[in-house]
Amino acid sequence: MSPPLRVLIADDELLARKRLSRLLGALPDVQVCGEAADGEAVLAAVRAGGVDVVLLDIHMPGLSGLDALALLPEGGPRVVLCTAHAEHAVDAFEHGAVDYVLKPVEPARLQKALERVRARIPAEKPPQQTRALARLPIPTRQGIVLVDPETISHAALDDELVTVFTAQGEFLTDFTLNELAEKLPADMFHRVHRRALLNLRHVARLEPLETGGYLARTSRGHAVEVSRQSARELRRMLGLRKGAEDEG
């Protein structure tokens with residue numbers, strides 16, 4: 001017998017959360033493990049562990065559902081988008097959602113989405129613990145360049161390709177940002193935006209933005225945007241005083 005799916009309900013509307021909780025309560029082998037009213041609460045619940053799948057609304061205050069989806073860790077819980085806006089379906093699947101359910105959510109459709117989640121779980125091998133590479137291999141036209149991670153200032157997604165910025169130059173790579181984050185030392189590199197991975201040891205200055213985030217200036221003069229959520233994490237890591245946006 002398979003263990004119950006632990007489901008986190010994420011929606012800023014209380015009535016929507018209650019409806020989903022009621023529908024889930026009628027399904028076998030499903031356990032509601034928590035509720036979240038915004039994207040930041042989703043990330044906090046996922047970090048705490050014990051979540052197999054997130055039923056995620058798109059339009060929420062602060063971080064949107066898609067923003068939260070992009071910031072979920074590799075190998076984290078599966079996500080089913082629950083929203084009234086069908087036009088976001090393509091974005092949802094591009095960000096790795098398992099399914100996309102339109103509101104008002106129907107019991108049969110919700111059950112089908114969770115069956116898709118459950119079918120995917122046994123097919124995926126449990127995540128193996130990966131060790132950070134002493135050298136990052138980056139294939140180029142001239143051959144494979146072996147880059148010391150300490151010389152990498154950041155990596156940025158532009159269109160569909162990621163550029164790795166190093167002391168030796170800039171290199172296009174087929175690695176995704178999630179794959180790079182797995183290969184590089186976690187104590188140095190931080191996912192500061194859905195489109196950027198940053199080595200804090202190369203940051204010379206953090207300039208506040210009106211959005212509540214930062215513009216990180218590297219020692220080589222590059223500018224890397226830091227999202228509002230990641231800015232909060234940086235302040236905690238660096239022991240900085242909380243900003244007004246951290247309150248509440």
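**Exercise 1. Which side chain meets that of Glu207 in a salt bridge at 2.8 Å, N to O?**

Some ground rules come before the solution. This is a predicted model, in which local features need pLDDT of at least 70 and side-chain atom pairs count only at pLDDT 80 or more, while totals for chains, interfaces and linings use all residues. Residues are numbered from 1 along each chain as its sequence is written, and side-chain values use heavy atoms, with hydrogens and water left out.

Solution. 
- Step 1. Apply the criterion: a side-chain nitrogen of Lys or Arg within 4 Å of a carboxyl oxygen of Asp or Glu.
- Step 2. The partner is Arg205, at 2.8 Å.
- Step 3. Check exposure (buried is under 20% relative accessible area, exposed over 50%, partly exposed in between; 1.4 Å probe, protein chains only). Glu207 has 22% and is partly exposed. Arg205 has 46% and is partly exposed.
- Step 4. Glu207 also forms a salt bridge with Arg217, with the closest N and O atoms 3.2 Å apart. Glu207 sits in strand 13 (residues 203-208) and Arg217 in strand 14 (residues 214-218), so this pair ties together parts 10 residues apart in sequence. Arg217 is partly exposed, at 27%.
- Step 5. Elsewhere, shared partners join Asp11, Asp57 and Lys103 into one salt-bridge network.

**Exercise 2. Find the parts of the chain that the Arg47 and Glu233 pair ties together.**

Solution. 
- Step 1. The structure holds 14 salt bridges. One of them pairs the side chains of Arg47 and Glu233, at 3.6 Å, N to O.
- Step 2. Arg47 belongs to helix 2 (residues 39-48) and Glu233 to helix 7, so the bridge links parts 186 residues apart in sequence. Helices here are DSSP runs of H or I with at least four residues, strands are runs of E with at least two, and both are numbered from the N terminus.
- Step 3. Arg47 is exposed, at 53% relative accessibility. Glu233 is partly exposed, at 26%.

**Exercise 3. Describe the lining of the second largest pocket.**

Solution. 
- Step 1. On a 1 Å grid over the protein atoms alone, a pocket is an open set of points with protein on both sides within 12 Å along at least five of seven lines; lining residues have an atom within 4 Å of a point.
- Step 2. The volume is about 230 Å³, taken as the space filled by probe spheres set on the points.
- Step 3. Lining residues include Asp67, Leu71, His193, Arg194, Glu225 and Val226.
- Step 4. Helix 3 (65-71) and strand 15 (223-226) each supply at least two lining residues.
- Step 5. Sort by class: three are nonpolar, five polar and four charged. Gly counts as polar in this scheme.

Terms used
On a 1 Å grid over the protein atoms alone, a cavity is a set of points where a 1.4 Å probe fits but cannot get out, and a pocket is an open set with protein on both sides within 12 Å along at least five of seven lines; lining residues have an atom within 4 Å of a point.
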